[in-house]
2 protein chains.
Amino acid sequence: MATKKRNAFYAQSGGVTAVINASAAGVIETARRYKSRIGKVYAGRNGIIGALTEDLIDTSRESPAAIRALKHTPAGAFGSCRYKLKGLDESRAQYERLIEVFRAHDIGYFFYNGGGDSADTCLKVSQLSEKMGYPLQAIHVPKTVDNDLPITDVCPGFGSVAKYIAVSTREASFDVASMAKTSTKVFVLEVMGRHAGWIAAAGGLAADKTHPIPIVILFPEITFDRDKFLAAVKDKVERFGYCSVVVSEGVKGPDGKFLSDQGLRDAFGHAQLGGVAPVIASLVKESLNYKFHWAVADYLQRAARHIASKTDVEQACAVGKAAVEFALKGHNAVMPAIVRTSSRPYRWKIEMAPLADVANREKMMPREFISEDGFGITDACRRYLTPLIGGEAYPPYKDGLPDYALLKNVAVKKRLATDFKV
Amino acid sequence: MATKKRNAFYAQSGGVTAVINASAAGVIETARRYKSRIGKVYAGRNGIIGALTEDLIDTSRESPAAIRALKHTPAGAFGSCRYKLKGLDESRAQYERLIEVFRAHDIGYFFYNGGGDSADTCLKVSQLSEKMGYPLQAIHVPKTVDNDLPITDVCPGFGSVAKYIAVSTREASFDVASMAKTSTKVFVLEVMGRHAGWIAAAGGLAADKTHPIPIVILFPEITFDRDKFLAAVKDKVERFGYCSVVVSEGVKGPDGKFLSDQGLRDAFGHAQLGGVAPVIASLVKESLNYKFHWAVADYLQRAARHIASKTDVEQACAVGKAAVEFALKGHNAVMPAIVRTSSRPYRWKIEMAPLADVANREKMMPREFISEDGFGITDACRRYLTPLIGGEAYPPYKDGLPDYALLKNVAVKKRLATDFKV
């Protein structure tokens, strides 16, 4: 257990979310409350790359108001990166460099805010203390819109994407319902989630007892069956006059290839980088001759802090806070996990999960969350998802726009004479 | 001037918006306040088609709370349609049928809620009184996300789309800025506006003095210049590390063809119905080799009542109210127009515009609203747009989702023995 006052390192990793900055605020605000134990919190500029290149941000230069504002600011305030450290043997130079930088800045705490790959990196960093003789506690702070980390009931970031997709699906469905008599009958919305259908499932929440919206969901877990799909859409249009389709970017055909990977070429023969929504829309048009519209939400869904889930914001903040508290209790190689104690009313708490149980394991949608026909969600799925999109946490507005925070991000003076190429 | 108590007809026409139902509420609530002059308000089910087929909805069967809830409900609560009436000579059977239906239900007021085409239809209906000897007052209620109606300073529906696009562009820009070091450097957002660049211009609001976001806008008013565009993107990426591109669906190349109309074919040679965003993204990738992401907002932008502009909601309601008041004062062939009396602070009022001056005229973006290089908005444009996205008007939520109204839409008993094929 660390008793000497040491500095902390915090970094954001992988795809950002609407609430990852709320976790940053949770880490920094909590660390500031323990000034006798934790010196400064240094953030990696662009994630772990900031550590490797000794490009550290001094978060102590930010006012309490600026750190508080992170709770309503989407994306990664310090910059993120896609950079995976391999095993200690393969990437020895990187790990040695990390130790060198950490030693130079007296960093004793490593907080890594990311998804599955980052959990693996964090686990490896946690082993450095023993393997390389440098005292360091590494705590993973969970984050991923994909909701595919094990143990934790939900991943911070997911609830807000789920809310955005549920709201957007409901709104667009109202639109197509209005137009269906003479115009658009099918609306296709492409959503994220390459491996797991959690985000696509959230589209199913758009329909409920008081809003009987016909929705067909295409999950990556279910192999695309052209005929069954077209029959499902036709049935909805005949019964309701219209149909909304929510399609995961990760849907694959019977050949195991992504549907979006259609080898499209433009008139000049250039490869065209398409999404799956236009593929599905074209199929509907060609086979059923329904007028259609399609949308691809892409970054809009994971950056949509304006319609973030209040529950998600609170949980993102809580895992940041818990990470620091775990560190102060002397823990290493752990992650704060969200444990659901009740669905109705929704109650949750934070517990400690060993990182070894988290890293390199993906949590897929249970089959019992997908309806028997493969195109919808079950009541069990609805019970799981509904609390996660609960509550609104609107950002402040100025001149009609959300007043998102931009930090000063002042660099810490370098102490090493050496550069490191990443 | 009508003095006898007669019924009113209200219909929604063309593409729906986040606030067209607020105009419906304005019409219905105001009519209900003049019970001695206006009997019932009948809404056309699916727009003018409802009138032609005698499929009328009795709005008097809806509670005051249900009508009030329309103010926070997007899309067309009574159904809309794309159906253009031609001139009296070409479409005589349709006009005669309208008179027949109106006579059967003692309809003396015709309120038509739509854009340019609908204004033209409304004008023709206003002439029926004289030409076909049936007393009728026709008032047009302006609506269009395209913001291309003349005379009125703004079209209800536009402000909310503008707010959605400005907010989304800011949010996605924060996202790509976070990722740019090792991953996505260019984000492309496709927005509506086939003829006029008003919606694309709103993307420019995402950047301001405190949020210096690099944005390149592609307007339909400016012929696409591949080399100039690529140079602009390259310059932004080199200076800021990333770039957001907001592209109107209506952008055309030097050959006068839509960029989206690329004759895409899939691996099997089937025509692919694509948007312009993937075309632009592919171009950036191929020419500059920047990693990219792209989104197509489509219906999400015009249905996004969850982030509607408060100003827009108020104006939509006000034009509905004014339409009824104009009718009660005996006017025919007019439209309530929004007149801006001050930009800072924003002040506006409703005046009466002759429909003859509105129909068949499109208001394009003035060239002085587009920056000299053709890729941005000017201060004059900013002064025009900013008040239109002002204020938030959040809908009520239930279980994490907006609680949008679904009306009973009870049909009025038919009085005619004849059918009409549309």
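## Basis of the description

Two residues are taken to be in contact if their C-beta atoms, placed from the backbone, lie within 7 Å. The model is predicted, and local features need pLDDT of at least 70, side-chain atom pairs count only at pLDDT 80 or more, while totals for chains, interfaces and linings use all residues. Residues are numbered from 1 along each chain as its sequence is written, and chains are lettered from A in the order in which they are written.

## Surroundings of A:Pro220

A:Pro220 touches A:Gly193, A:Arg194, A:His195, A:Ala196, A:Gly197, A:Ser248, A:Gly250, A:Val251 and A:Lys252, when residues up to four places away in sequence are not counted. A:Pro220 lies in the loop between strand 7 (215-218) and helix 9 (226-240) of chain A, where helices (H or I, at least four residues) and strands (E, at least two) are DSSP runs numbered from the N terminus.

A:Pro220 is buried because 23 other C-beta atoms are found within 10 Å, the cut-offs being 20 or more for buried, 12 or fewer for exposed and partly exposed in between, with C-beta atoms placed from the backbone.

## Strands 10 and 11

In chain A, strand 10 (residues 334-342) pairs with strand 11 (residues 347-354) in the antiparallel sense over eight bridges, pairing requiring that DSSP finds at least two bridges between the strands. A hairpin through four residues joins strand 10 of chain A to strand 11 of chain A, and A:Pro336 stands opposite A:Met352 in strand 11 of chain A.

## Contact between the chains

The contact takes 71 residues from chain A and 71 residues from chain B. Helix 7 of chain A gives the most to the side of chain A that touches chain B, with 13 residues.
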